[in-house]
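Keep the viewer open as you read.

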Amino acid sequence: MFPLYDENPTFRTPVVTIGLIAVMVAVWVFFQHAGIDRDVAATVCNFGLVPAELTHLREVGFRIPLDQFSDCVIDNEWYNWLTPITSMFLHGSWGHILSNSLFLWVFGNNVEDVMGRGRFLGFYLLCGVVAAMTQVVVSPSSPVPTVGASGAISAALGAYLLLYPR
């Protein structure tokens, strides 16, 4: 069951929420080509969070199949340290991006309204990075890429529940 709206009014236009959704959709459409070709696997592998690339607990060159056509190969690129942030803007399918966008829209706008734009953006990004790093701590040698904004959006949902408990 998906929520389509809530009954709590907002007093300001949720600029950050709209901006985050716009960036996620733009990355999905223009960078990941909306899942039409194999660019999804390549972007997920290269710019998704791979715990083993940060911890170096797997050797460079270790391969894990992503689908029947491509493997994710552990590398030692400089941008691996950016993947806790870049992974938040990547998605694996239309269902993934649509559900994340819907939950961010329904609940993020109220949290942004209460927190203010700057604090909400900082909160969202910080919680997304904390969620990504939790994945690294829980499974430090995993070669499996992680993508999506679910950690940051879960934090926004938690904040919503605290702000609007009824």
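**Notes on the helix packing and the cavity**

1. Helices α5 and α7 pass each other in a left-handed crossing, meaning that the near helix is turned anticlockwise from the far one by less than a right angle, with clockwise being right-handed. Helices here are DSSP runs of H or I with at least four residues, numbered from the N terminus. The contact (heavy atoms within 4.5 Å) involves H96, N100, F103, L104, F107, N110, V111 and V114 on the α5 side, and S150, I153, A156, L157, A159, Y160 and L163 on the α7 side.

2. A word on the source: this is a predicted model, in which local features need pLDDT of at least 70 and side-chain atom pairs count only at pLDDT 80 or more, while totals for chains, interfaces and linings use all residues. Residues are numbered from 1 along each chain as its sequence is written, and side-chain values use heavy atoms, leaving out hydrogens and water.

3. α5 spans residues 94-115 and α7 spans residues 150-163. Their axes, which are lines fitted to C-alpha atoms over the stretch in contact, come within 9 Å and cross at roughly 40°. The two helices are therefore oblique to each other; angles run from 0 to 180 degrees between N-to-C directions, and oblique is what remains after under 35 degrees (roughly parallel), over 145 (roughly antiparallel) and 65 to 115 (roughly perpendicular).

4. α5 also packs against α6 (residues 117-138), at an angle of about 125° and with the axes 7 Å apart. That makes this pair oblique as well. Here the crossing is right-handed. L104, G108, V111, E112 and M115 of α5 meet R117, R119, F120, F123 and Y124 of α6.

5. The structure holds one cavity of 30 Å³ or more, where a cavity is a set of points on a 1 Å grid over the protein atoms alone at which a 1.4 Å probe fits but cannot get out. The largest cavity has about 30 Å³ of space, a volume being the space filled by probe spheres set on the points, joined across faces, edges and corners. R12, T13, P14, N109, E112, D113 and R117 line the largest cavity, lining residues having an atom within 4 Å of a point. α5 gives the most to this lining, with three residues.

6. Finally, find P3, in the segment before α1 (15-31). Setting aside neighbours within four places in sequence, P3 is in contact with L102, F103, V106 and F107.

Methods
1 Å grid on protein atoms, 1.4 Å probe; cavity = no way out; pocket = protein on both sides within 12 Å on 5 of 7 lines; lining within 4 Å.
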